[in-house]
Amino acid sequence: MELLDKLAILSDAAKYDVACTSSGVNRPAVPGKLGSASNAGCCHSFTPDGRCVTLLKVLMTNVCVYDCAYCANRRSNDLPRATFRPAELAELTIAFYRRNYIEGLFLSSGVLRDPDYTMEGLCRCLELLRYRYGFNGYIHAKAIPGCSPELLTRLGVLADRVSVNIELPSAASLARLAPQKQASGLLQPMHYLRDGIHENFQDKRLSRRRRTRFAPAGQSTQMIVGATPESDYRILTLSAALYRRLELKRVFFSAYLPVNPDPLLPDPATTLTPFRREHRLYQADWLMRFYGFKVDEIIDTEHPFLDLELDPKSSWALQHSGLFPLEINRASYDLLLRIPGIGLRSAGRIFRARKERCLDFDALRRLGVTLRRAQYFITCQGRMRSGMLYDPVFIERQLRADALSRAQHRHARVLPGQASLFGSSTWV
Amino acid sequence: MGLTYLYDGSPEGFLSAVFVAFAEQRRDAELAVQTSLQRRLGQVYQPVLTDPTKAARVQRGVRAKLGAKDMDWLRRVFCSDAPDKDTTALHYLDYAFSHCPVGTHRPIFATNQLQSVIPAPGCAQRTLPQPGQDGWRDPHKPGLDIAAPVVARYLSLLRQVNNEVEKARQFIRFSELEGGLYYARFEPKANVVPLVLPYFVARLNIQAFIIYDPRHDLAGLYDRHHWYLTPAKQAIGLPAQTLGEKQCAKLWRTFFKSVTIKQRLNPRCQANFMPLRFWKDLTELQPEAALERPVISEGF
């Protein structure tokens, strides 16, 4: 089989993996080696679905011994199968990296023969990249649950980020849709990796740089949302527990897309893909990781699903309307972060600027703070923006109408005319 | 009457003009490039000769009084394409020099320290914020008022340039030419080639490359030992693309196509993150036909 066909098959097979980030590790360039990594990561391209391409995201093989109901590569599906040779994939990665197409490699795999055999293949490819080709860029590798601990250690040393897919939000769903996998079997390698990162970090004999050699960008996981009946409450408490106990860097959600007809799965004819739900879950996730929100502030058992029309921060603000409007010149930093429409950057700028002067709305504009949503919740020097009145009912109506009109606007608009200069979307 | 200093457009010329404006006590003046000047009625124009010693003195002064970070900011802002970048930079320097020199106590702004010493009559002495607490200010490092109009404009220019640098890191695409040279064409909205070149030189240090910016007539060259910046006014013949290059571009396009999830198309989101102005130089967005014809040698 030609490399081109293999790449087409194996990147198509990997496209449902969501964790395409290159962040979390700062590794300066080394003379004589190819590549570097920066903490913030770098997106090199964006596909027509709006998702970013930062890593060469492929499977080592799409042959799989498992038969998971939700997976496009399940054993019982009749589709073309292919396997990369380690050297082939390593060379491809280097060629792409030299042209600045990618930030590194995202390597996952179907399970060929057994977990150990598959992991062996992944490790061989990464070893070629790191040691023979002197590749110093970013590598995200999937660990295959059920493999031996030695292989996990090998993988952790080679990769920047390691991840194990938790697949579904509950053990019961996993048992139903992926009977060959067990929840405990998925968590075991995650525990092992966490301990590995700790142990390496606390080894005092090592230099500071070597101490972060084992999976320096930490581990992440992903789960499918919408294929099973779990509520958002359940999903968010699970991800909070994963952050707390397993010290994950990220939990990714992927909206369930019907790829196989299966009686165990929601009927594709009647269910819509929950893109909006995925988006709201990510917003909630952000609130938990960066804005100091607790899970039970965002969601509770009485309303176990997030509001699809309104973002979780606005929902929270409307439920706590007694707290607002906040005076921008006095509110503490933590409270600034709770104002809808004010993010980390805006809060930081306000915090810094108000030490030097008393802020008014003009000053906020100069600072680059967007007031579209924030204007309903703030005062400057005791006054709200002109024409604005603090009335939670009115605000909720405004915010919902605004969200709705933006959504319609989004669907109504097509790409601006310039695009036709380069041929009518031949890349789709 | 309004005064405008004219300089030759070079960084040294700009710094010389700043020097003269400070020396002549006309920090409120405007700066403009001689060649692209639109004269206004009632404005006085005064040309400034480029003088490397004056430029060096300004650089030393900024470094010593404001710090190395401010010098880096100045360098970046000067790479902006905004027509008011030089005037804004002069006014910012005026502001910064008169408000927050490093290493001096600045009584106007460090008010909380003063209050601690002299409590107002009848008031309990205020407890001061301690280091690390909300509201703590190091009296040796007075803050910059980022909401002041001059500073805000200056910082927004800085952000624009930094954003463009990030775009360059993301969207520069190299292609391999015969002889092992890599070539990229990139049209940024600010003169960012000098700013990204060190990044690419460090990262791709095992390959020689050229980054060519036709909009600013500038090329950054790296020969695996040193890097150079050169104005690219005349056409220079470049070698043809290698055979492998075509194959590689095709592989990349194939990858780009097959990682797209057709059920969630969102071209607006794509265009938001990847502005249309870059599309003509992006390998993955070239129609297949473009593969067949040689790409290089226009202009450069």
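## Basis and conventions

Helices (H or I, at least four residues) and strands (E, at least two) are DSSP runs, numbered from the N terminus. By that rule, chain B holds nine helices and eight strands. Chain A comes to 15 helices and ten strands.

This is a predicted model, in which local features need pLDDT of at least 70, side-chain atom pairs count only at pLDDT 80 or more, and totals for chains, interfaces and linings use all residues. Residues are numbered from 1 along each chain as its sequence is written, while chains are lettered from A and ligands numbered from 1 in the order in which they are written.

## Chain A overall

Chain A has 428 residues and a radius of gyration (taken over C-alpha atoms) of 24 Å. Along the principal axes, the C-alpha atoms of chain A fill a box of roughly 65 × 55 × 50 Å.

Buried residues make up 43% of chain A. A residue is buried if 20 or more other C-beta atoms, placed from the backbone, lie within 10 Å of its own C-beta atom. Contacts are set by another cut-off: C-beta atoms, placed from the backbone, within 7 Å. Among contacts in chain A between residues at least 6 apart in sequence, 70% join residues at least 24 apart.

## Domains of chain A

Domain bounds come from an automatic or database domain assignment. Chain A is given domain 1 (3-298) and domain 2 (312-408). Their centres, taken over C-alpha atoms, are 37 Å apart. Nine residues from domain 1 of chain A and six residues from domain 2 of chain A make the contact.

On the domain 1 side, helix 9 (275-290) and helix 10 (295-298) of chain A each give two or more residues. Helix 9 of chain A gives the most, with five residues. By class, this side has five nonpolar, two polar and two charged residues. Ala, Val, Leu, Ile, Met, Phe, Trp, Tyr, Cys and Pro count as nonpolar, Asp, Glu, Lys and Arg as charged, and the others, Gly among them, as polar.

## Helix 8 against helix 9 in chain A

Helix 9 of chain A also meets helix 8 (residues 232-245) of chain A. Their axes come within 11 Å and cross at roughly 40 degrees. Axes here are lines fitted to C-alpha atoms, for helices over the stretch in contact, and angles run from 0 to 180 degrees between N-to-C directions. The crossing is right-handed: the near helix is turned clockwise from the far one by less than a right angle.

From helix 8 of chain A come A:Asp232, A:Ile235, A:Leu236, A:Ser239 and A:Ala240. They meet A:Leu281, A:Ala284, A:Asp285 and A:Met288 of helix 9 of chain A. The contact has six nonpolar, one polar and two charged residues.

## Chain A against chain B

The chains touch through 59 residues of chain A and 53 residues of chain B. Elements giving two or more residues to the chain A side include helix 1 (3-14), strand 3 (55-59), helix 2 (86-98) and helix 13 (344-353) of chain A. Helix 1 of chain A has the largest share, six residues. The chain A side divides into 30 nonpolar, 15 polar and 14 charged residues.

## Chain B

Chain B splits into domain 1 (3-103 + 143-159) and domain 2 (172-291). Their centres lie 33 Å apart, taken over C-alpha atoms. Four residues of domain 1 of chain B are in contact with six residues of domain 2 of chain B. The domain 1 side has one nonpolar, one polar and two charged residues.

Of the 300 residues of chain B, 33% are buried. For contacts in chain B with a separation of 6 or more, 72% join residues 24 or more positions apart.

Notes
Contact = placed C-beta atoms within 7 Å. Rg over C-alpha atoms; globule rule 2.2 N^0.38 Å. Buried ≥ 20, exposed ≤ 12 C-beta atoms within 10 Å, placed from the backbone.
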